[in-house]
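Welcome! Work through each one before you read its solution.

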Amino acid sequence: MSCFTGVSIIDGEQCCYEASAVVDAGGADSGYHLLVVRGYSRTKQELSAGESITSDAFTVGGHCWYIEYYPKGENPDCGDFISLYVTNYDDSLKEPLETKFCFSFVDEVEKQTPMYIRVAGKTCRFTDGRCSWGTDKFVRRDALERSSDLKGDCFTIRCDVMVIRKDPKAEDAGGHDTKVLLSDIDQHFNILLQTKVGADVTFKVSGETFVAHRCVLAARSMVFMAQLFGPMKETSAVIQIKDMEAKVFKALLSFIYTDSFPVMEKDSMEEDAMVEVMEDGQEKEAVEDEMLLQWLQDLLVAADRYDVQRLKCICEKQLSENIGVSTVMSALALAEQHHRQGLKEACLKFIQVQSPSCLQTVMATNGWDHVVSTYPSVLKELFLKFASNQRK
């Protein structure tokens, strides 16, 4: 069980510290620290990119840590994001220290379980004190400002730290190896997918062949259940999947087997396209952001097609947090087509707060014409929101 190690409160440019608890319980020690940012607007006004505010030290696994909060990013390349880092405060480590970390908003309880931290958390190896690990793109500032995580110019970050003990004899009170007690079912299912042992169904997607296990697919998707075991089940030796890229279907299978969000893969054509647009003067980060948004949209469509609910929710959340002027209308059309109310509200709210010049840019995109012609009711909702703004 993860132990509470205290609260650090950032108020403007200052940090004060409240109640703490020492955590040192053997095995794979884990604890969490809360960082409360009050006066968020002031922190982003007063600090520049690369400047941080530091929490007070807290203890997990017998080691000291502190959190560094960068309201305008750890470097200029991530200036639109909030960056978060954890630093080890031990000046003299006697042996390398292996640790897992995870940052989340305080209400994101799904990211705060030991299982999630073990699978999704980044494993870091510290060989001396004052080493840092973190995420330079924890959340876009504009996405935070549109989200429910920011309340009254204040938000709370939870930092989970899990210190991994290397002693193979480490046991709990019942004499069980602590490593054995941690679930690794996702790894076993991933091995099953990769080795293809016992696979009994074949799919053909955009010229590529994939094999899988009917029971696994059916257990995770009612659409696959009907397709593979229902009255109208497929009887052909190879099931053809149309209107989907092979890399998207591969990612869908990966999520079905592991319940972990898949990493975006770039094919050779996308790499060539990136080189071309960079030669035309576009920044690499902007190109990568567009590719990520397209990836998320394609994955959401696939998740909706096969009714993989959790993957749909993850894609919707990530799309909502990465809306931009050039992509908001395509995201809005996607939300309307696939009935994703959360994404739709995020898009409408984003448009609602834009400046006149940004609105002109939005209206110049192809996505605007598509929404106007295909979903005219959305335009009515947008006008109502603008009218509501004026009344306020």
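**Exercise 1.** In which loop is Asp-307 found?

*Solution.* Begin with the setting: this is a predicted model, where local features need pLDDT of at least 70, side-chain atom pairs count only at pLDDT 80 or more, and totals for chains, interfaces and linings use all residues. Residues are numbered from 1 along each chain as its sequence is written, and side-chain values use heavy atoms, with hydrogens and water left out.

Step 1: Asp-307 sits in the loop between helix 10 (284-305) and helix 11 (309-321); helices here are DSSP runs (H or I, at least four residues), as are strands (E, at least two), numbered from the N terminus.
Step 2: its phi is positive, about 55 degrees, although Asp-307 is not a glycine.
Step 3: most residues other than glycine have a negative phi.

**Exercise 2.** Find the salt bridge partner of Lys-44.

*Solution.* Step 1: a salt bridge needs a side-chain nitrogen of Lys or Arg within 4 Å of a carboxyl oxygen of Asp or Glu.
Step 1: the side chain of Lys-44 meets that of Glu-145, at 2.7 Å from N to O.
Step 2: the pair links distant parts of the chain, with Lys-44 in helix 1 (residues 40-46) and Glu-145 in helix 3 (residues 141-146), 101 residues apart.

**Exercise 3.** Are Arg-158 and Asp-160 buried or exposed?

*Solution.* Step 1: buried means under 20% relative accessible area, exposed over 50%, and partly exposed in between (1.4 Å probe, protein chains only).
Step 1: both Arg-158 and Asp-160 are buried.
Step 2: they form a salt bridge, with the closest N and O atoms 2.8 Å apart.
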